[in-house]
Amino acid sequence: PYRSNLCPHAKMSSTKLPSLPHKDYVVYSSRPMRRVADSVIAHAAAVRPNQVMALRNVSFELFPNGMPNIFIEDIVSARDRHVLFFASFCTLEEFSLQLDVLYVLCRSNVASLTVVLPFWPVGTMERVDREGVIATSDTWAWRLNNLPYTAGGPTKIIIFDCHALSERFFFHGGALPYFISATPLLAKKLQLLESEPGALPIALAFPDAGAAKRFGKSFDPKYPAIICNKVREGDRRVVKVQEGDPKGHHVVLVDDLVRSGGTLIECLKALQCLGAEKASAFCAHADFQTPDAEDKFIGEQAQVQLAHFWVTDSVPHVTDRLHGRAPFEILRLAPAICDYV
């Protein structure tokens, strides 16, 4: 028979572990993430006035021949200190320039390096469905895996709502990923919706069973779940509601990413056809490839009417365009980032 190695008289302690002290940081940022970095520093100053976050500049320039011309300000002051770097890899040029900076920071005797990379832009390229296809999520992760160890060990990389949780296994060696979610920001919005006079009952919808399985447990089980799915009708693939009833509800569609918006729109139309009284959407990452894609949700040209479309500021060059344009509402990641630094 199985025998426990624990002493038979031992009891599990209910003592709450003390909070770990927050680190002071020297902060660097890529150009696209500067506004997010400023927001995190301001939030930290408001909630933890004793924590020091000293912002320094990095100059990302190119020589006339197109080669990198990068300068890290006051890098000597980062020695033996914890360093926080705000990264954005939304273009190949950004990825290349910032990777150079990360390598140099790791080799500059810093106490530790934490990279805030809210959006992993190659997350949808994580599979090989035929020989010759390159899973760039894997190859990009390999470049980060080869970062030199700092005095504090591997570089900690904070990523929000990566497209596939299994991608955490692409990272190892010099890169230690922290996969976290922005869904708590949506949960707070849902509570506010419920408190409004005459509020409709809320239901959560997901574009497929995978999204439902991944995000469904992040919310209060009191919200009914509705699952959509693409089915083949002749030569076409159409979105239908596979499970749940949206009738009479304010339905909030939840997904990790929006690019063209096509699948999102088809799901919302299917939900409205089955009686959803009101519709909203949440996507952690708004990576609209062109302004035409986001225009599908705005004003008279909107292909579906939304009460709210919540996105985070994980892709600043896109959310800067969306700011103040209904139904888009930008959820700031600064409070969530501060919880991890």
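User: Which residues lie nearest the centre of the largest cavity?

Analyst: A few ground rules: this is a predicted model, where local features need pLDDT of at least 70, side-chain atom pairs count only at pLDDT 80 or more, and totals for chains, interfaces and linings use all residues. Residues are numbered from 1 along each chain as its sequence is written, and side-chain values use heavy atoms, without hydrogens and water. A cavity is a set of points on a 1 Å grid over the protein atoms alone where a 1.4 Å probe fits but cannot get out, and lining residues have an atom within 4 Å of a point. The largest cavity has 13 lining residues, and those nearest its centre are Phe119, Trp120, Gly123, His163 and Leu257.

User: How much space does the largest cavity hold?

Analyst: A volume here is the space filled by probe spheres set on grid points, which are joined across faces, edges and corners. The search of the whole structure turns up 2 cavities of 30 Å³ or more. For the largest cavity, the volume comes to about 60 Å³.

User: And the second largest cavity: which element gives the largest share of its lining?

Analyst: This one holds about 50 Å³ of space, and its lining is made of Arg35, Val36, Asp313, Pro316, Thr319, Asp320 and Arg332. Elements are DSSP runs numbered from the N terminus: helices are H or I with at least four residues, strands E with at least two. Two helices, α1 (34-47) and α8 (316-322), each supply at least two lining residues. The largest share, 3 residues, comes from α8.

User: Now the pockets. Which residues are nearest the centre of the largest pocket?

Analyst: A pocket, unlike a cavity, is an open set, with protein on both sides within 12 Å along at least five of seven lines. The largest pocket has a volume of about 670 Å³. Its lining takes in 29 residues, and α5 (209-215), β10 (225-233), β11 (236-243), β12 (250-258) and α6 (262-273) are the elements that give two or more of them.

User: Which element gives the most to the lining of the second largest pocket?

Analyst: About 350 Å³ of space lies in that pocket, and of its 17 lining residues, Lys23, Tyr25, Lys156, Tyr340 and Val341 are closest to the centre. At least two lining residues each come from β6 (112-116), β7 (155-160), β8 (175-180) and α9 (334-340). With 3 residues, the top contributor is β6.

User: Strand β7 came up there. Is Thr155 buried or exposed?

Analyst: Thr155 sits in strand β7. It touches Cys106, Leu113, Val115, Leu147, Gly174, Ala175 and Leu176, leaving out residues up to four places away in sequence, where contact means heavy atoms within 4.5 Å. Buried means under 20% relative accessible area, exposed over 50% and partly exposed in between, with a 1.4 Å probe and protein chains only. Because its relative accessibility is 0%, Thr155 counts as buried.

User: How far is Phe85 from Ala42, going by their C-alpha atoms?

Analyst: Phe85 belongs to strand β5 (residues 82-86) and is buried, with a relative accessible area of 0%. Among the residues it touches are Tyr28, Phe60, Gln98, Leu105 and Val116. Along the chain, Phe85 and Ala42 are 43 residues apart, and their C-alpha atoms are separated by 16 Å.

User: What covers the buried residues of helix α3?

Analyst: In α3 (residues 136-145), the buried residues are Ser137, Trp140, Ala141, Leu144 and Asn145. An α-helix has 3.6 residues a turn, so residues three or four places apart point the same way. Back in this model, the cover over the buried residues of α3 includes α2 (92-106), β7 and β8.

User: Zooming out, how much of the chain counts as buried?

Analyst: The chain has 9 helices and 15 strands, and its C-alpha trace spans about 75 × 60 × 50 Å along the principal axes. Take the contacts between residues at least 6 apart in sequence: 68% of them join residues at least 24 apart. Of the 341 residues, the share that counts as buried is 47%.
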